[in-house]
Protein chains: 2
Amino acid sequence: MPIETPEGYRALDEASLPAFLATLPEIRDRLGGAATDWRVSEVGDGNLNLVFIVEGKAGDVCCKQALPYVRLVGDSWPLPLERAFFEYRATTIQARHVAGLVPEILHYDPALYLIVMERLSPHIIMRRGMIDAVVYPAFVDHLVEYSAKSLYFTSDLALPAAEKKPLMATFAGNTALCKITEDLIFTDPYRIAPLNRWTSPELDEVAAAIRSDGELKRAVSVLKYKFLCHGEALLHGDLHTGSIMVTQTDTRVIDPEFAFFGPMGFDVGKLIGNLLLSYFSQAGHENAPGERDDYRQWTLETIERFWNGFERRFVELWTQNRTGDAFPPDLFEAGESGEAGLRALGQAQHAFMRGLFEDAVGYAGTSMIRRILGLAHNIDLELIEDQGRRADCERRTLSLAVDLIKQAKQIPSIEAVTAKAETLQATTGTVSTG
Amino acid sequence: MPIETPEGYRALDEASLPAFLATLPEIRDRLGGAATDWRVSEVGDGNLNLVFIVEGKAGDVCCKQALPYVRLVGDSWPLPLERAFFEYRATTIQARHVAGLVPEILHYDPALYLIVMERLSPHIIMRRGMIDAVVYPAFVDHLVEYSAKSLYFTSDLALPAAEKKPLMATFAGNTALCKITEDLIFTDPYRIAPLNRWTSPELDEVAAAIRSDGELKRAVSVLKYKFLCHGEALLHGDLHTGSIMVTQTDTRVIDPEFAFFGPMGFDVGKLIGNLLLSYFSQAGHENAPGERDDYRQWTLETIERFWNGFERRFVELWTQNRTGDAFPPDLFEAGESGEAGLRALGQAQHAFMRGLFEDAVGYAGTSMIRRILGLAHNIDLELIEDQGRRADCERRTLSLAVDLIKQAKQIPSIEAVTAKAETLQATTGTVSTG
């Protein structure tokens with residue numbers, strides 16, 4: 001039975017898209033020439049949507065249209081078209097603060113649930129580059145800026161509640177996409193679930209151990225609880241290396257269709273977790289052991305520079321833009337209390353960032369486990385053809401992930417995280433978890 | 001300049017109310033006889049609204065209508081009429097779980113922002129009874145039930161996100177009322193603010209000390225931050241002894257116009273804080289020192305029984321009604337993992353309740369300070385005519401409040417809270433804070 005869609009909606013294809021775009025003067029001019037000459041190709045390699053590149057005489061655009069179901073699975077798994085609206089809204093809000101780090105939106109069609117945006121070229125998905133061990137020197141500074149600003153400026157530190165709450169209410173409508181995260185990241189990998197898969201039989205034992213680790217499931221459930229109700233800031237909601245397009249000098253964060261108001265550590269942690277997953281996957285892509293030592297080193301340095309940069313930048317934004325209702329400036333000024341007020345601000349910031357770090361470390365762990373034991377895997381690991389080698393990489397990843405989730409409160413710094421990764425990478429033989 | 005109100009709204013009075021009620025068949029029948037014979041009296045003694053008691057031949061009702069401004073201050077302080085809608089919605093939602101502990105709503109008029117509800121008689125506001133040292137034996141069990149159920153059943157532990165998020169989005173509209181709490185509880189008492197007042201000169205020094213206590217302001221700001229973004233459950237939002245009507249055998253929680261999705265510890269802590277405030281106020285109402293020792297004892301026992309009962313009941317509801325998306329039952333069952341799953345649930349509940357306790361202890365402290373140094377004071381203390389005696393009571397209250405806020409994480413149990421109160425009460429001479 002086909003899924004019912006609202007009036008005015010139809011899934012576009014290579015044939016029907018140009019006629020629609022030709023009705024939009026700005027887009028028509030940008031493409032140039034006759035609509036019949038525009039070249040259209042569907043390039044969506046994600047799990048959910050249609051993505052078209054349209055090239056004309058004068059220029060090009062990218063069109064992303066939501067389908068009423070999960071593309072990866074088919075129409076047995078319906079998914080609200082409104083996710084296109086949330087992506088559009090989130091990008092628009094973020095663009096106020098990080099315009100050069102997200103794609104420019106050229107048009108949004110609410111009936112077709114279609115976003116027309118600039119085509120990013122010659123950018124590639126960062127994950128693909130990392131599989132080929134390509135260094136991206138600009139990436140870390142860009143992601144520091146993107147994360148710090150997109151989170152800070154939508155938090156209660158920057159926004160008065162009267163501005164933040166209506167936004168939060170809007171994004172509360174993105175329930176279905178949040179539910180995917182709730183199920184696939186925080187629940188299924190920790191129980192027997194029909195959608196789970198893993199490298200079998202190699203990982204059967206570790207998968208079972210994870211499913212019966214009470215302490216782990218408790219810690220994961222605390223992270224899930226925060227994901228459900230801790231509306232700190234507008235999150236990207238799916239910030240991993242597959243949602244980032246890069247060149248050597250440019251970086252764009254795409255696809256915020258999972259956007260909602262949630263815990264800031266989720267965005268930050270998901271990115272760190274995906275970088276760690278890439279780190280452990282490198283051994284599966286080496287032609288000779290040690291071949292990618294330098295790249296591994298770069299990855300760990302990138303993780304350290306990302307967190308440390310994020311922390312520094314976020315605190316800097318906080319100190320400079322105290323425009324929200326939280327931590328009222330009046331209470332943290334020199335004045336009646338002398339320097340004590342300013343000292344108290346510094347201490348408040350320190351404690352706040354420590355809490356964010358612990359959240360991020362935990363969320364990093366959950367984002368690693370779901371890619372190995374859950375439904376949606378990553379090509380970082382999937383492209384490793386030798387099953388035994390892949391399982392070795394995955395075992396190391398799981399081992400660190402479990403440790404991060406359980407030990408988040410005890411881990412003193414990001415350098416302690418990368419040190420753990422390095423130690424695990426150096427371990428030969430079977431790696432245990434727990 | 002009068003405040004503009006939506007079409008169809010007019011503030012009712014004794015003369016115009018009966019004609020309106022006569023248009024509602026159910027209400028007309030309940031009151032009985034001719035509308036012209038109904039006796040109407042305006043009895044609103046709160047800070048915000050009109051409250052009418054209407055008595056007819058056959059029965060009576062209570063009508064509560066929102067004014068477009070803060071009644072206590074006048075039309076210089078506008079306040080959205082929609083708070084009546086939020087009170088109506090919150091009461092309706094709570095009534096599903098604690099029907100006998102809230103007033104029955106008979107009618108809601110969205111144009112007049114008017115709630116018609118059962119008249120509670122011979123109930124009185126609990127605060128007034130406590131000032132007269134009246135023991136309410138049924139109160140604690142009723143409030144345990146009210147708090148545990150109203151919070152549990154609107155949390156992510158009981159509600160799937162798809163049901164909770166739309167509710168949360170609705171109540172996100174109650175921004176203006178939340179803002180009152182944010183300003184008057186979490187901000188103004190800790191800075192020089194035109195609306196602040198306190199017993200002066202007696203408390204001048206302690207008020208200044210609180211305004212310059214960086215550690216305290218930091219802890220209060222963390223509580224404010226949680227109030228702003230931690231949407232755990234539908235709160236009453238103003239749960240103190242002035243929002244509770246009692247007889248010896250019946251208890252009703254009224255006035256949830258501050259309702260929104262916030263941290264559960266806020267409701268629980270506000271109630272505890274107001275009981276502690278009553279405790280310290282008793283010395284100001286004694287004819288001879290020690291006269292009210294028994295009542296003080298009852299108050300502390302009530303506080304202990306309230307928290308311990310709440311904790312036990314909440315955990316019981318959790319164990320029996322695992323219908324929400326948080327802490328998925330699959331992850332905490334005996335099964336693959338044997339008893340470990342159930343043990344993990346117990347540990348999760350323990351840690352969760354500990355966090356809730358710490359929040360509640362902190363919020364209790366903030367709710368005490370705001371009644372002594374902020375705008376809105378309580379008659380518990382205000383009715384103490386002797387300024388010196390009042391200041392002594394207030395100083396003890398402040399001293400405990402500061403301690404609770406700063407030490408929340410170190411306080412092992414509710415008995416440790418009441419022990420601190422008892423020690424302070426026994427202190428003679430000037431009590432210091434800090």
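Modeller: The answer starts with confidence, goes on to the pocket, and ends with cavities, strands and loops.

This is a predicted model: local features need pLDDT of at least 70, side-chain atom pairs count only at pLDDT 80 or more, and totals for chains, interfaces and linings use all residues. Residues are numbered from 1 along each chain as its sequence is written, chains are lettered from A and ligands numbered from 1 in the order in which they are written, and side-chain values use heavy atoms, with hydrogens and water left out.

Confidence first. Chain A averages a pLDDT of 95, where pLDDT is the predictor's confidence in each residue, from 0 to 100. In chain A, 97% of the residues score at least 70. For the complex, the predictor gives an ipTM of 0.96 and a pTM of 0.97.

Now the pocket. Rolling a probe the size of a water molecule over the atoms shows where empty space is left. The search uses a 1 Å grid over the protein atoms alone. A pocket is an open set of points with protein on both sides within 12 Å along at least five of seven lines. A cavity is a set of points where a 1.4 Å probe fits but cannot get out. Lining residues have an atom within 4 Å of a point. Grid points are joined across faces, edges and corners, and a volume is the space filled by probe spheres set on the points.

The largest pocket holds about 2000 Å³ of space. Its lining takes in 48 residues, and those closest to the centre are A:Lys226, A:Lys409, B:Lys226, B:Glu358 and B:Lys409. Three helices of chain A give two or more residues each to this lining: α9 (214-229), α12 (340-373) and α14 (387-407). From chain B come α9 (214-229), α12 (340-373) and α14 (387-407). Helices (H or I, at least four residues) and strands (E, at least two) are DSSP runs, numbered from the N terminus. By class, the lining divides into 22 nonpolar, eight polar and 18 charged residues. Here Ala, Val, Leu, Ile, Met, Phe, Trp, Tyr, Cys and Pro count as nonpolar, Asp, Glu, Lys and Arg as charged, and the others, Gly among them, as polar.

The structure has five cavities of 30 Å³ or more. The largest cavity has a volume of about 230 Å³. Of its 24 lining residues, A:Met168, A:Cys229, A:Gly231, B:Met168 and B:Gly231 lie nearest the centre. Two or more residues each come from α6 (161-171), α9 and β12 (260-262) of chain A, and from α6 (161-171), α9 and β12 (260-262) of chain B. The largest share is four residues, from α9(B). This lining has 16 nonpolar, five polar and three charged residues.

Strands follow. Two strands pair if DSSP finds at least two bridges between them. In chain A, β1 (residues 39-42) pairs with β2 in the antiparallel sense over four bridges. A:Val40 has A:Val54 of β2(A) as its bridge partner. On to β3 (residues 60-66) of chain A: β2(A) pairs with it antiparallel over seven bridges. A:Ile53 stands opposite A:Cys62 in β3(A). A hairpin of four residues joins β2(A) to β3(A). Six of the seven residues in β2(A) (49-55) are buried. Buried means under 20% relative accessible area, exposed over 50%, and partly exposed in between (1.4 Å probe, protein chains only).

In chain B, β4 (residues 69-70) and β5 (residues 74-78) run antiparallel, joined by two bridges. B:Tyr69 has B:Pro78 of β5(B) as its bridge partner. Three residues form the hairpin from β4(B) to β5(B).

A cis peptide bond joins A:Ser200 and A:Pro201, with omega about 10°. A:Pro201 sits in the loop between α7 (175-184) and α8 (204-211) of chain A. B:Ser200 and B:Pro201 are also joined by a cis peptide bond, with omega about 10°.

A:Phe327 has a positive phi of about 45° although it is not a glycine. A:Phe327 lies in the loop between α11 (293-320) and α12 of chain A. A:Phe327 counts as buried because its relative accessibility is 2%. B:Phe327 has a positive phi of about 45° and is buried at 2% relative accessibility.

B:Asn321 lies in the loop between α11 (293-320) and α12 of chain B. Its relative accessible area is 22%, so B:Asn321 is partly exposed. Leaving out residues up to four places away in sequence, B:Asn321 touches B:Tyr152, B:Phe153, B:Leu157 and B:Ala158, where contact means heavy atoms within 4.5 Å.
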